[in-house]
Amino acid sequence: MINKKYAFVGCNEKFLEIVTRSFTGGLSGDPKGEDIYLEPLADCKTIGEAILKALAKSRDLSETEEEKNMNITDEEWRNLKPDRWLLTPVAAAERYKEWVKRVMKEYKYKTKRALFQNMQHVSVKQNEEHIIFEPTNHESIDGFSGDGMSEDLNVVIPANSSPEIIGAAAKYAIGNCRGKGTDFMRNLLFPEGQPASFELYASMLDV
């Protein structure tokens, strides 16, 4: 996991959220990282700058060999390794419930279904050479996965790309999502139609 950083982009008709993810054997939103909210039609530079901030705070909290042999529960990590506890499935589930309540209130959604109706999720990972945007399949109300998603739908750019290119890549990857709400969001982000390739889209933006 050395030199890898992770983030997440979620977008619906009212907001675009960019969250730091960290690694403990799996990936989880990191409450000690960035959690940035933008307008869904924010400009590419603003989106790219936010993604760079989120990636910069991504952490590797992998277990050491000694810790792997300790055989303790998630709850016991709360006192032993508080940072790791924050990224356990139990803690992440608690935060998710609170997030749904908070966002529904802030953006005036009456139901969870309305909040997620047009939501799209994109995973972001950075290594020494590339930043990779992986769109997902919106399968159920709040269910997203990579099932049925071809790697051809990923957007891959150099790791040293400008904020404008990074933001454009994120936007294009949102347009590459599949499943529920994708037609709505694609039309919102690309009212004249999504360009046939990311390279074409970037050339149209003159960035």
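Good morning. I begin with a charge and a ring: Lys14 lies over the face of Tyr109, 4.3 Å from the ring centre. A charge sits over a ring if NZ of Lys or CZ of Arg is within 6 Å of the ring centre and within 35 degrees of the ring normal. The charged end of Lys171 likewise sits over a ring, that of Phe190, at 5.3 Å from its centre.

A word on the source. This is a predicted model, in which local features need pLDDT of at least 70 and side-chain atom pairs count only at pLDDT 80 or more, while totals for chains, interfaces and linings use all residues. Residues are numbered from 1 along each chain as its sequence is written, and side-chain values use heavy atoms, with hydrogens and water left out.

I turn now to the aromatic rings. The structure holds 10 aromatic pairs; rings of Phe, Tyr and Trp (its six-membered ring) pair if their centres lie within 6.5 Å, with planes under 30 degrees apart counted as stacked, over 60 as edge-to-face and the rest as tilted. Tyr172 and Phe190 are edge-to-face, because their ring centres are 6.2 Å apart and their planes stand at 75 degrees. Tyr172 belongs to helix α7 (residues 163–175) and Phe190 to the loop between α8 (182–189) and α9 (198–205), so this pair ties together parts that are 18 residues apart in sequence. Helices here are DSSP runs of H or I with at least four residues, and strands are runs of E with at least two, numbered from the N terminus.

Phe190 also pairs edge-to-face with Tyr201, at 5.3 Å centre to centre and 80 degrees between the planes. Tyr201 lies in helix α9, so the pair ties together parts that are 11 residues apart in sequence.

Are these residues buried or exposed? Phe190 is buried, with a relative accessible area of 5%; buried means under 20%, exposed over 50%, and partly exposed in between (1.4 Å probe, protein chains only). Tyr172 is buried at 5%, and Tyr201 is buried at 5%.

Elsewhere, Tyr96, Trp99, Phe116 and Phe144 form one aromatic cluster. Phe144 is also among the residues that Thr136 touches, as are His121 and Cys177; contact means heavy atoms within 4.5 Å. Thr136 lies in the loop between β6 (130–135) and β7 (137–140), and counts as buried at 11% relative accessibility. Thank you.

Notes: Lists of a residue's contacts leave out its neighbours within four places in sequence.
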